[in-house]
Amino acid sequence: MSFDIDAANNVLAGLRPFPVAVTTTDNGIANGLMSLSAGSASIVPELPRATVSLTKYNRTHDMLLNSGVFAMHMLSAGPDEIDKSLEILMTLGGSSGRDGDKISKLRTKPGVTGAPILLDAHSYVECRITGTLDNDENTIFVGDVVAAEVFSSAQRLRIGEAWGKLPKDWIEQYEANHVPQLENARQHRAGAAQRA
């Protein structure tokens, strides 16, 4: 079966416009990362749910599995807030939690689940996980929203706008850091194909 991979990636990329900061806590340790795979998971307005997909390579992935909680934060594009948004993006997206504490570099408060809430974010929902889907290289987490807050009236930051404002050296380091994550995902997919 052959198809246009570029066309597929073009269509799918249009579904991931907003970077989200995902935080959690597990056994007294807080961590977080950036994701482009998040969204709403319920059509019942009085019972909101959120979903986020995390690759198995990331420490935060295992922490969500263990703790059963996460907070998902939107970032602000407001002119007075974008610097803080980029700081969150670079802090959580620029290194692994295996290499040291990332959360203490950011302003936080504990949420109702204990997950750290990023005070310089645009907004957040905090969730208790109700289900997971193992998807070879990643896990899709679905959680009931147990708390939410909007800190800013500005527009939410889109990934294209954020990428255009990030320092070139940070992007180069991000791309280098992304290589082992991508290879890990490929190995998971190859293992799944062999089992099929």
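Trainee: Which strand gives the largest share of the lining of the second largest pocket?

Mentor: In this predicted model, β9 gives the largest share, with four residues. Strands β3 (38-40), β4 (49-55), β5 (69-74) and β8 (123-135), like β9 (138-150), each supply at least two.

Trainee: What makes a residue part of that lining?

Mentor: A lining residue has an atom within 4 Å of a pocket point. In the second largest pocket, 28 residues line the space, and G39, S40, M72, M74 and R156 lie nearest its centre. The space itself comes to about 390 Å³.

Trainee: How are the residues of this lining divided into nonpolar, polar and charged?

Mentor: There are 17 nonpolar, seven polar and four charged residues. Met counts as nonpolar, Arg as charged, and Gly as polar.

Trainee: Why is strand β1 (residues 20-26) called mostly covered?

Mentor: Buried means under 20% relative accessible area. Seven of the seven residues of β1 are buried, so the strand is mostly covered. V20, V22, T24 and D26 point one way and A21, T23 and T25 the other way, and all are buried.

Trainee: How do you know that β1 and β2 (residues 29-35) pair?

Mentor: Pairing needs at least two bridges. Seven bridges join β1 to β2, so the two strands pair, and they run antiparallel. T25 stands opposite A30 in β2. The hairpin has two residues between the strands, and N27 takes a positive phi near 50°.

Trainee: What makes β1 and β5 a pair?

Mentor: Four bridges join them in the antiparallel sense, and at least two are needed, therefore they pair. V22 of β1 stands opposite M72 in β5. M72 is also among the residues nearest the centre of the second largest pocket.

How values were computed:
Residues are numbered from 1 along each chain as its sequence is written. This is a predicted model: local features need pLDDT of at least 70, side-chain atom pairs count only at pLDDT 80 or more; totals for chains, interfaces and linings use all residues. Side-chain values use heavy atoms; hydrogens and water are left out. On a 1 Å grid over the protein atoms alone, a cavity is a set of points where a 1.4 Å probe fits but cannot get out, and a pocket is an open set with protein on both sides within 12 Å along at least five of seven lines; lining residues have an atom within 4 Å of a point. Grid points are joined across faces, edges and corners, and a volume is the space filled by probe spheres set on the points. Buried means under 20% relative accessible area, exposed over 50%, partly exposed in between (1.4 Å probe, protein chains only).
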